[in-house]
Amino acid sequence: MNPAVEKLLQDIAQAKLRAEERRRQKEELDTQTYGIIHQDDGTIELRLPPPPTKPDPDECCHSGCTPCILDTYQEQLEEHKQLCADFQQQYQRAKAGKPTSIQTKNDRMSCGILNPLEFRKVRILHIDQPCMHSRLLVLEATALNFILAHGEHIHIRALLPNGNRITRPFTPVMLEAEDGIVRPHLFIRLYDNELSASLERLQAGDHVMLRGPIRTHVDLTHAFSSNLCVLVAGGSGIAPIFQALQFAHINSSYKNKQMVVLHCARNEQALWLSSLIKHLQADMPHLAYHTFVSHTQRLSESLLHQALADYNRENAQAIVCGPGTFNEDVSCWLNNIGIKHAQLL
């Protein structure tokens, strides 16, 4: 057998074994009760929870997320150590005939469907194609069990044909679906890479593996407290920008602040959420919205300066979300026209 093919088959087999082991451990955690167990014959048993599973290095997306799954592993180890120590102490009290206070199940930290420490399956209800090279996924979840605060996103993990896994951040937007229920919508821009190829193959009824909520480092309160807040989105980066606008819209302290949204996309069809942003404008009198499409008017430093010419840019704040080179270019342009404080998503 070709050595490369043999190595590929070995990697796939190992990935399957890891997945099966994680599934088994999760089932055990979900069904077992840990702590002081009172038996039918009147005796007591001390049952300690297993230590947390160490994540593989490829489960980190290297985007500076808070919490990072690798960082939280150490926190889980400390929590496990403390929990076992508490169980041991209470067990000794119970053996001595003294009252005890702990008998608990080792439930993981959870927020409805989402869990920031482990990936979970979520079913896809519907898939749209707003434009070429994009997908819009509607997930089988609601605002009651898929809870994200402003500035939070999720991680999606895909299993590649070679058995490797890849993880990337996405920001769902809570919108009303065709069934009249507010559900998470994921706008995905497809690129020429393995993750996009995996996501492009998804169909309604399939499941995606995701974890969250994941907190970003962006301080919306600080940005919206300035005299002017400029929000620049490139492609699917409009999702976290729209999430920020939703936060401002329901907050009376920021609703009437001066805000300028600059929305960049390849074409008009890729200007996802534009109609909803225009709807927000009706209730946010100082919200301006400008669009730029690549084939007619690509955003540049001069166009950026033109869009902000009538505003007092002293102490202005900016939030930029898009591909890496887009973020770098826009932050440089903002700095050149006097906006020194730009936070990058």
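R123 comes out as partly exposed, at 32% relative accessibility; the scale used here calls a residue buried under 20% relative accessible area, exposed over 50% and partly exposed in between, with a 1.4 Å probe and protein chains only. The model is predicted, so local features need pLDDT of at least 70 and side-chain atom pairs count only at pLDDT 80 or more, while totals for chains, interfaces and linings use all residues. Residues are numbered from 1 along each chain as its sequence is written, and side-chain values use heavy atoms, with hydrogens and water left out.

Back to R123: its side chain meets that of E140 in a salt bridge, 3.6 Å from N to O. The term stands for a side-chain nitrogen of Lys or Arg within 4 Å of a carboxyl oxygen of Asp or Glu. This pair ties together distant parts of the chain, with R123 in strand 4 (residues 120-128) and E140, 17 residues away, in the loop between strand 5 (134-139) and strand 6 (152-159). Helices (H or I, at least four residues) and strands (E, at least two) are DSSP runs, numbered from the N terminus.

By the same rule, the count of salt bridges comes to six. Among them is the one between E45 and R47, whose closest N and O atoms are 3.8 Å apart. Both ends are partly exposed, E45 at 28% relative accessibility and R47 with a relative accessible area of 25%. Another joins the side chains of R120 and E118, at 3.3 Å from N to O; here E118 is buried, with a relative accessible area of 13%.

Zooming out, the protein chain holds eight helices and 15 strands. Of its 345 residues, 43% are buried. Contact means heavy atoms within 4.5 Å, and among contacts in the chain with a separation of 6 or more, 70% involve residues 24 or more positions apart.

At one end, strand 8 runs antiparallel to strand 9 (residues 182-189), joined by four bridges, and V173 sits opposite H185 in strand 9.

I124 also lies in strand 4, and this residue is buried, with a relative accessible area of 0%. Its C-alpha atom is 5.9 Å from that of V138, a residue 14 places away along the chain. Beyond neighbours within four places in sequence, I124 is in contact with L137, V138, L139, L202, Q203, A204, G205, D206 and V208.

The other sheet described here is an open one of five strands in the order 13-12-11-14-15, and its pairing is parallel. Strand 13 (287-293) and strand 15 (341-344) form the edges, each with pairing on one side only. From one strand to the next the twist averages 15°; axes are lines fitted to C-alpha atoms, for helices over the stretch in contact, and angles run from 0 to 180 degrees between N-to-C directions. Helix 5 (residues 238-250) packs on this sheet, touching strand 11 (228-234), strand 12, strand 13 and strand 14, and its direction makes about 150° with that of strand 11. Strand 12 (residues 258-265) pairs with strand 13 in the parallel sense over seven bridges, and A265 stands opposite V293 in strand 13. Helix 8 (residues 324-336) packs on the sheet too, touching strand 11, strand 12, strand 14 and strand 15, at about 160° to the direction of strand 14. Strand 11 and strand 12 likewise pair in parallel over seven bridges, with G234 opposite C264 in strand 12. Seven of the eight residues of strand 12 are buried, so the rest of the structure largely encloses this strand.

Finally, there is R313, in the loop between helix 7 (301-307) and strand 14 (317-321). R313 is buried yet has no salt bridge, and D310, the nearest side chain of opposite charge, is 7.9 Å away. The R313 side chain does reach the backbone oxygen of I337, at 2.9 Å. Apart from neighbours within four places in sequence, its contacts are L228, H305, L308, I337, G338 and I339.

Note on methods. Lys, Arg positive; Asp, Glu negative; His and termini not counted. Polar contact = N/O pair within 3.5 Å; in protein donor to acceptor, adjacent residues only side chain to side chain. Pairing = 2+ DSSP bridges.
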